[in-house]
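Subject: Handing over a structure, with notes on what was found in it

Dear colleague,

Please find below the sequence and the structure that I would like to hand over to you.

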Amino acid sequence: MAKSILNQGRATAPFRDAPRGNTALLILDMITEMDFSGADAMLRDTISASDRILRLREAADKARLPVIYVNDNFGEWHSERYRLVERAITSDAAREFVAKLAPRDGDYFIIKPQFSGFYATNLPVLLPKLGVDRLVITGIAADICVMFTAADAHMRDYALWIPEDAVAAQTRERRRWALEIMKQSMGAEVRPTDKMTLARWSKPPKKTPAEQD
């Protein structure tokens with residue numbers, strides 16, 4: 001694992017790219033009012049996923065790994081994280097999990113205009129500056145924004161862990177098939193957080209001499 005380059009007081013990054021070998025936790029679209037079509041159907045699983053995401057964030061803090069929020073702008077092209085959080089906390093459905101998962105000053109926050117966290121955002125620039133080559137992708141929805149982000153990450157050669165209990169979708173079936181696609185087509189690890197830990201994921205097994213050739 002790369003040496004930590006985090007400034008715990010504020011989210012900063014080096015001017016130049018850092019050596020690869022670091023892991024980052026991505027939290028997708030969890031700052032939400034849950035007022036979109038199908039939100040009622042996925043609320044229960046979203047609340048459950050938020051508990052696992054919070055534990056992963058605590059583990060990332062302990063390991064001094066970067067935490068990166070990537071969130072929809074909900075059509076507000078001049079919005080920022082504080083406004084999005086303030087709006088989400090007014091929602092009866094989302095208030096509790098948004099309050100506990102709200103980004104801190106030491107977290108990175110990226111606003112995205114489309115499904116993928118890589119599309120028209122500065123995520124592709126930020127990750128190399130943090131030396132990241134392994135991603136833990138969490139959030140909603142597993143079959144839309146999580147899957148689109150995972151596909152773009154896979155095409156950029158990032159290793160992926162998408163914990164099945166840290167993502168949610170409108171139905172268990174949609175979450176299941178999305179995870180299967182990400183596992184089979186993108187090589188993603190999808191074991192839940194009680195079967196895989198951030199510490200283990202951040203320290204991949206060393207390659208054999210044959211694999212290094």
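In what follows, a residue is called buried when its relative accessible area is under 20%, exposed when that area is over 50%, and partly exposed in between. With that cut-off, Asn 22, Ala 24, Leu 26 and Leu 28 point one way from strand S1 while Thr 23, Leu 25 and Ile 27 point the other way, and all of them are buried. Please keep in mind throughout that this is a predicted model.

Overall picture

The protein chain contains 8 helices and 6 strands, and, read from the N terminus on, its elements follow the order β-α-β-α-α-β-α-β-α-β-β-α-α-α. Of its 213 residues, 49% count as buried, and the chain exposes about 11000 Å², of which carbon and sulfur atoms supply 51%. When contacts between residues at least 6 apart in sequence are considered, 79% of them join residues that are at least 24 apart.

The strands

Strand S1, which spans residues 22–28, is mostly covered, with 7 of its 7 residues buried. S1 is joined by 7 bridges to strand S4 (residues 132–140), and the two run parallel; within this pairing, Leu 25 stands opposite Val 136 in S4. S1 also pairs with strand S2 (residues 67–72), again in the parallel sense, over 4 bridges, and here Ile 27 stands opposite Tyr 69 in S2. Together with helix H1 (residues 39–63), S1 and S2 make a β-α-β unit that is right-handed.

S2 has 5 of its 6 residues buried, so the rest of the structure largely encloses it. Between S2 and S3 there are 5 bridges, and these two strands run parallel.

Helix H5 and its surroundings

In H5, the buried residues include Cys 145, Val 146, Met 147, Thr 149, Ala 150, Asp 152 and Ala 153. The buried residues of this helix pack against S1, S3, S4 and S5, as well as against strand S6 (167–168) and helix H6 (172–186). Just after H5, Asp 157 adopts a positive phi of about 70°.

Aromatic pairs

How many aromatic pairs does the count come to? The count comes to 4 aromatic pairs, and I describe two of them here. Phe 115 and Phe 148 form a tilted pair, with 5.1 Å from centre to centre and 45° between the planes. This pair links distant parts of the chain, since Phe 115 lies in the loop between strand S3 (108–112) and helix H4 (123–129) while Phe 148 lies in helix H5 (residues 145–155), 33 residues apart. Phe 115 has a relative accessible area of 39%, and is therefore partly exposed; Phe 148, at 41%, is likewise partly exposed.

The rings of Phe 118 and Tyr 158 have centres 6.2 Å apart and planes at 40°, so this pair is tilted as well. Phe 118 is found in the loop between S3 and H4, and Tyr 158 in the loop between H5 and strand S5 (159–161), so the pair ties together parts of the chain that are 40 residues apart in sequence. Both Phe 118 and Tyr 158 are buried.

Charges over rings

Lys 129 and Thr 12 are 117 residues apart in sequence, whereas their C-alpha atoms are 9.8 Å apart in space.

With best regards

How values were computed. Residues numbered from 1 in each chain as written. Predicted model: local features only at pLDDT ≥ 70, side-chain atom pairs only at ≥ 80, totals over all residues. Heavy atoms only, no water. Phe/Tyr/Trp six-rings, centres within 6.5 Å; stacked < 30°, edge-to-face > 60°. Buried < 20%, exposed > 50% of the residue type's maximum accessible area, 1.4 Å probe, protein only. Contact = heavy atoms within 4.5 Å. Areas by Shrake-Rupley, 256 points an atom, 1.4 Å probe, with all protein chains shown as cover. Pairing = 2+ DSSP bridges. Right-handed = clockwise from strand over helix to strand, strands pointing away.
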